[in-house]
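Open the model in your viewer and keep the selection panel at hand. We will go stop by stop.

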Amino acid sequence: MRLILFGPPGAGKGTQANKITENYVAAHISTGDMLRAAVKNGTELGTLAKSFMDKGELVPDDVIIGIIQDRIKEEDARKGFMLDGFPRTIAQAEALNDMLSDANESIDVVVSIEVNDKEIVGRILERAKIEGREDDTEDVVKNRLSVYRDQTEPLKSYYQGLNILAEVDGMGTIDEVFERIKLVLNKVEL
Ligand code: AMP
């Protein structure tokens, strides 16, 4: 199965992503995790990415697309993968489509976790306390949300147009949300 896990920052994507990979065969590909690893290792990519991440801005499309292009060719992604945090712009989504259709493949489903704004800011600030992520300060969070609304949310209509968008209510407990995701994924697996 090839799926995209979609939703605003703080929607619980990371938590649900772990549960999905435990229960379904799919390599977990998180561009945020890959970039944070690059920052930690002090690579050239890391230095470039950090300047955008610290402000809550998106890393340029060509950089991210290059990373994904290499990653989905790796062995563990052959049978299926779950993209977490990618695509975030229409240009990224179109590039992904092209990469996959070159190999006669496509995305099976886009699971969009729906959470309201008030809940999101609260959740992210809570996460900031626990994980100490540098991009979880209030100003940066607000910018990430506005970047999401402007550049990423339009992808929902894009995938709706391809008939593969599944919206899931992200309010409730982790297990309640996961049960809703399972209903969607079990249908796709049939
Ligand atoms: P995340 O952990 O997915 O919230 O990503 C953290 C940060 O990494 C984002 O705020 C962006 O600066 C950057 N980033 C992650 N994925 C992407 C992407 N697909 N396109 C552009 N920037 C990204």
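Select P87. It sits in the loop between β3 (81-84) and α5 (90-102). Helices (H or I, at least four residues) and strands (E, at least two) are DSSP runs, numbered from the N terminus. Now show the backbone from F86 to P87. The peptide bond there is cis, with omega near -5°.

A word on the ground rules. This is a predicted model, where local features need pLDDT of at least 70 and side-chain atom pairs count only at pLDDT 80 or more, while totals for chains, interfaces and linings use all residues. Residues are numbered from 1 along each chain as its sequence is written, and side-chain values use heavy atoms, with hydrogens and water left out.

Next, select T31. It belongs to helix α2. Is T31 buried or exposed? T31 is buried, because its relative accessible area is 4% (buried means under 20%, exposed over 50%, partly exposed in between, with a 1.4 Å probe and protein chains only). Follow the side chain of T31 to the backbone oxygen of G85, at 3.0 Å. That is a polar contact: a pair of N or O atoms within 3.5 Å; within protein, one must be able to donate a hydrogen and the other to accept it, and residues adjacent in sequence count only if both atoms are side-chain atoms.

Now show the ligand. Which residues come nearest? They are T31, R36, E57, G85 and Q92, out of 16 residues around the ligand (near means that a heavy atom of the residue lies within 4 Å). Helix α2 (residues 31-40) gives the most to this shell, with four residues. By class, the shell has six nonpolar, four polar and six charged residues. Ala, Val, Leu, Ile, Met, Phe, Trp, Tyr, Cys and Pro count as nonpolar; Asp, Glu, Lys and Arg as charged; the others, Gly among them, as polar.

Zoom in on the nitrogen atoms of the ligand.

- T31: an N or O atom of its side chain is 2.8 Å from a ligand nitrogen.
- V59: a polar backbone atom is 3.0 Å from a ligand nitrogen.
- R88: a polar side-chain atom lies 3.0 Å from a ligand nitrogen.

The protein covers 95% of the 480 Å² of accessible area that the ligand has on its own (Shrake-Rupley method, 1.4 Å probe).

Last stop: N104. Find it in the loop between α5 and β4 (109-114). N104 is not a glycine, yet its phi is positive, about 60°. N104 counts as exposed because its relative accessible area is 76%.
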